[in-house]
Each structure stands twice: as C-alpha cells, then as structure tokens.
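Let us learn to read a protein model by asking one thing at a time. Keep the structure in view as you go.

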Amino acid sequence: MRSPSAGGDPVVVIGGGLAGLAAAARLAKAGHSVQLVEAADRLGGAWAPFDLDGVRVDRAPSVLGFPAPWRDLFRKSGRPLEAELGRLGLALDPAPAARYVFSDGSDVFLPADRAGQYEMMSDTYGNAAAIRWRDLLDRLDQVWQVVRPLGLESELRHRRQLAAGRALLQPRRTIQHLAEELHEPHLAALVSSVAYRLGGVPQLTPAWCAVELSIQRTFGRWAIASDDHPDEVGRSSVLVDALTSRLALRRVIVQPDRRVTGLIREGDRVVGVVLEDGALAASAVVSTADPWQTYGTLLPAAGRSMARARRHWRPALAPAISHRFVSSPSAATGAQLTRATVTETVTLTAAGQPTISYARPVGDRTLETVHDYVRATPQRSAGIAWDGFRSWLARPAVTSAVPGLFLAGPFSPGGSHPSAVVLSGALASYACHDYLS
C-alpha cells in the first residue's frame with residue numbers, strides 16, 4: 001500500500017482545463033499534494049476568460065445544462081457552489097427558453113419542462129407530433145438511468161457493463177434514426193442538432209447520445225446571473241475563476257507556461273513528467289492532454305499497445321466561435337433584454353447543423369457570442385468523434401493500463417458535454433486516490 005502523496009511526491013495534473021481543475025481540486029481536498037502543469041498562460045482551457053474591448057469574455061456556452069456535477073465538485077472540494085457564487089455577488093439561475101429558428105424561417109421557443117414542451121409541440125405541430133416527441137423523451141429518461149453509471153458516475157471499462165441496458169441503448173441505431181422517426185422536419189433537425197453539438201454527425205452518433213434532450217428536460221437550463229455585477233451575467237467562465245481560487249485555497253501548486261514533453265516510467269509505473277526545462281517526480285499523473293498527445297508523444301510505448309483503439313479515433317468537430325458587440329440590447333435577438341438576462345438563439349439548417357448565438361447585456365451594448373457548427377472543424381482538443389456504438393468502448397479509459405496514469409477530458413467515455421468533462425475529472429481523482437491509498 002502506498003501512503004498518500006501529501007507525504008511524498010505530488011500528484012501531477014497535466015492540463016488546466018475543466019477536467020484538470022476538477023481533478024486537482026478533488027485530489028487536494030482528499031489530502032494529496034498536487035501540482036498542476038499548464039502549457040498556456042492561463043487556466044480554463046477552452047473556457048479560459050480573456051479581455052475583449054475592456055469586457056471579460058470567454059468561449060464557453062453561456063447557458064449550462066446538468067448543473068449537478070458542478071455543484072458536487074464545489075461541495076466536495078470546499079464551499080458549495082451557491083455559497084461560492086454568492087460570495088462573488090453571483091448566482092446560477094434558470095435561463096429563459098431557447099429560441100430555435102429553422103431553415104424555412106419559422107421559429108419556436110422550446111421550454112425546458114415536460115408539460116411546457118408538450119403544449120408547445122401540440123400547438124405548433126399537432127397532437128400526433130407532440131405525442132411522438134413526448135414518447136421519445138420518456139424513453140430517453142430510461143436511457144439516462146442506464147447511461148449514468150457508464151462513464152459519468154463510475155468508470156466504463158468493460159463491454160459486459162453494457163449488457164444489462166443493451167435493449168434501451170439500441171446499439172444498431174443512431175441519432176439520425178431517431179430524427180427520421182419523428183416525421184416532422186423541424187423536430188428532426190432539433191434532434192439531429194444534438195449530434196453536432198457533441199462534435200459528431202447524426203449518421204454516426206449513437207442513438208443513446210440523444211439523452212442530452214432528456215437531461216435538459218429533467219435538469220433545466222442555467223446561466224450565471226447577478227444584480228450586483230450585470231457585466232458578469234452569462235459569463236460561464238466565472239466557474240473557472242472560482243475553481244482557480246479553490247486551487248489556491250487547497251495549496252495546489254499551479255505552473256502555467258510549462259509544457260510537459262514526456263512521462264517518466266520506473267518499471268511499469270509512471271513516476272514523473274518531463275518538462276521542457278527539467279523533470280518533476282510524481283506519485284501519480286492525471287493527464288488531461290488529448291489522447292493522441294498522451295499516447296503518441298508523452299508515452300509512445302503505451303501508445304503502441306493501444307494501436308487498435310487508436311485506429312478508431314477521429315478528432316471531434318469544434319465550432320467556429322466569434323464575438324461581437326452590438327449597440328442595442330435588442331439588436332442581437334429581436335427581443336428586448338434586461339441587464340440580468342442571457343438569451344440563446346439556435347439557428348438550424350435543414351440537416352440540423354446549429355449556429356448558436358448567446359446574447360448578454362454589457363453596459364449599453366450587447367455581447368453576442370456565436371458557436372457556429374456549420375463551420376466546425378476537427379480539433380483534438382474537442383475530444384473523439386463518435387463512429388457508431390462500438391466507438392464508445394474504443395475511447396481511452398479513465399484508469400489507464402499503465403499503473404499511475406489516469407486520463408480525463410472530453411475524450412473520456414462520458415463524452416464531451418462540459419458536465420461530462422467535469423465528471424471525468426472526478427472519476428480520475430477517485431481512481432488516483434484509490435491507487436495511492
């Protein structure tokens with residue numbers, strides 16, 4: 001048995017994105033000495049805040065779903081999320097219904113609750129379409145109960161874990177199949193958009209991934225709100241700011257602007273990292289670098305043993321993200337905004353490719369942040385694209401085959417949704433703690 005790392009070499013976390021922050025905070029709270037090494041000059045990864053024309057902005061979605069992993073992270077690393085945000089004069093409040101604009105120019109506002117969705121669907125598309133939509137999401141509610149322990153609340157390691165829920169998971173079906181069965185072009189585009197948001201395409205994204213629709217209906221949609229700091233409304237990267245403060249409180253040593261170039265092995269174990277300017281001994285390593293880098297550059301010997309799995313990996317599609325200021329609060333959305341409101345407008349092509357516009361008030365202007373999946377490009381940092389049901393098990397496990405090495409990020413079996421990425425960091429911290437205890 002190994003003693004906790006607080007008495008010896010630290011746990012080294014590679015990467016300061018959501019997964020790295022989550023893993024580092026939890027490990028430090030568990031009593032381990034932790035050092036986080038980040039190649040960039042700031043923490044947050046794709047969520048890192050930056051200044052634009054004197055305003056703090058980010059590339060994160062302004063509306064969040066499934067807040068439970070965030071609440072669990074803050075509660076189990078120190079102060080509860082609500083208390084942490086309240087200390088900063090902020091809150092996490094329900095977001096207004098999203099507006100969907102379809103290729104024929106028509107639009108709807110989609111409520112998050114079950115009754116509201118049925119009423120809107122019935123009024124807009126007729127009772128038969130509303131029933132098909134309700135039945136689909138009711139089935140996805142059952143799928144959610146099957147999926148939760150398969151990479152989100154616990155690790156997915158073996159094919160036999162999928163056996164019990166195989167009938168609900170429908171391994172031969174894709175999101176495209178679900179969309180076609182709705183027999184309504186608008187609703188088909190809405191379902192198809194889930195695949196694009198997850199960095200894939202409907203034809204190759206497993207049907208169970210549409211559980212995102214169930215999660216939204218169950219847990220709602222949330223956004224940062226504030227009466228005291230209106231310019232922070234909708235800035236999701238305040239969560240990164242709060243986590244950065246949590247790392248400081250837990251005495252995590254953060255090393256920005258330092259790149260890891262390799263992993264050090266002693267026998268079959270990982271015992272440190274190689275930096276551009278030296279080396280750092282480690283009791284264990286949590287890598288949140290993309291798996292091509294981890295197994296191709298940092299630990300190429302292990303990469304050879306994963307050659308079969310790597311043949312199935314393709315980088316997920318990441319949206320083109322842009323920011324612009326408009327002079328009038330109503331110009332971005334066609335609706336009058338208040339200082340405490342962020343809005344989401346999703347414009348869909350006939351195939352379901354979304355262009356998502358988040359509008360939040362900043363002084364006498366509106367900041368419009370656009371996530372354009374029509375112009376999406378493959379990026380390894382976005383995770384691994386779905387390539388059918390079998391690609392689920394081809395994703396790298398959180399507990400690697402190399403003792404002392406753990407992986408977390410959008411490439412993990414839980415998927416690329418931000419809340420799933422946070423949960424992958426939690427799973428890595430649990431596995432690492434067990435390894436060291």
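**Reading rings, sheets and helices**

Both phenylalanine 406 and tyrosine 435 are buried. Bear in mind that this is a predicted model.

Q: How are the rings of phenylalanine 406 and tyrosine 435 set against each other?
A: Look at two values, the distance between centres and the angle between planes. Planes over 60 degrees apart count as edge-to-face. For phenylalanine 406 and tyrosine 435 the centres are 5.8 Å apart and the planes lie at 65°, so the pair is edge-to-face.

Q: Which elements hold phenylalanine 406 and tyrosine 435?
A: Phenylalanine 406 is in strand E19 (residues 405-407), and tyrosine 435 is in helix H15 (residues 418-436). The two are 29 residues apart, and their pair links distant parts of the chain.

Q: How many aromatic pairs are there?
A: The count comes to 9 aromatic pairs. One of them joins phenylalanine 66 to phenylalanine 219. This pair is tilted, with 4.9 Å centre to centre and 45° between the planes.

Q: Is phenylalanine 66 buried or exposed?
A: Phenylalanine 66 has 10% relative accessibility, so it counts as buried.

Q: Which rings join into a cluster?
A: Here ring pairs link up. Trp208, Trp386, Phe389 and Trp392 form a cluster in this way.

Q: What lies over the face of tryptophan 386?
A: A ring has a face, and a charged group can sit over it. Arginine 395 does this at tryptophan 386, at 4.1 Å from the ring centre. Arginine 71 lies over the face of tryptophan 222, at 5.2 Å from the ring centre.

Q: Which residues have a positive phi although they are not glycine?
A: Look at the backbone angle phi. Phenylalanine 66 has a positive phi of about 55° and is not a glycine. Histidine 183 is not a glycine either, and its positive phi is also about 55°.

Q: Where is histidine 183, and is it buried or exposed?
A: Histidine 183 sits in the loop between helix H7 (175-180) and helix H8 (185-197). Its relative accessible area is 63%, so histidine 183 is exposed.

Q: At what angle do helices H5 and H9 pack?
A: Take the angle between the axes, then the distance. Helix H5 (residues 127-147) and H9 pack at about 90°, and their axes are 8 Å apart. So H5 is roughly perpendicular to H9.

Q: Which residues meet between H5 and H9?
A: From H5 come residues including Trp133, Leu137, Leu140 and Trp144. From H9 come residues including Val211, Leu213, Ile215 and Phe219.

Q: How many bridges join E7 to E8?
A: Strand E7 (residues 98-101) and E8 run antiparallel, joined by 4 bridges.

Q: What joins E12 to E13?
A: A hairpin does, through 2 residues. Strand E12 (residues 269-275) and strand E13 (residues 278-281) pair in the antiparallel sense over 4 bridges. Valine 274 has alanine 279 in E13 as its bridge partner.

Q: Where is glutamine 35, and what does it touch?
A: Glutamine 35 is in strand E2 (residues 34-37). With a relative accessible area of 12%, glutamine 35 is buried. Leaving out residues up to four places away in sequence, glutamine 35 touches Pro10, Val11, Val12, Val13, Ile253, Gln255 and Leu280.

Notes:
Residues numbered from 1 in each chain as written. Predicted model: local features only at pLDDT ≥ 70, side-chain atom pairs only at ≥ 80, totals over all residues. Heavy atoms only, no water. Pairing = 2+ DSSP bridges. Phe/Tyr/Trp six-rings, centres within 6.5 Å; stacked < 30°, edge-to-face > 60°. Buried < 20%, exposed > 50% of the residue type's maximum accessible area, 1.4 Å probe, protein only. Lys NZ or Arg CZ within 6 Å of the ring centre and 35° of its normal. Axes fitted to C-alpha atoms, helices over the stretch in contact; angles between N-to-C directions. Parallel < 35°, antiparallel > 145°, perpendicular 65-115°, else oblique. Contact = heavy atoms within 4.5 Å.
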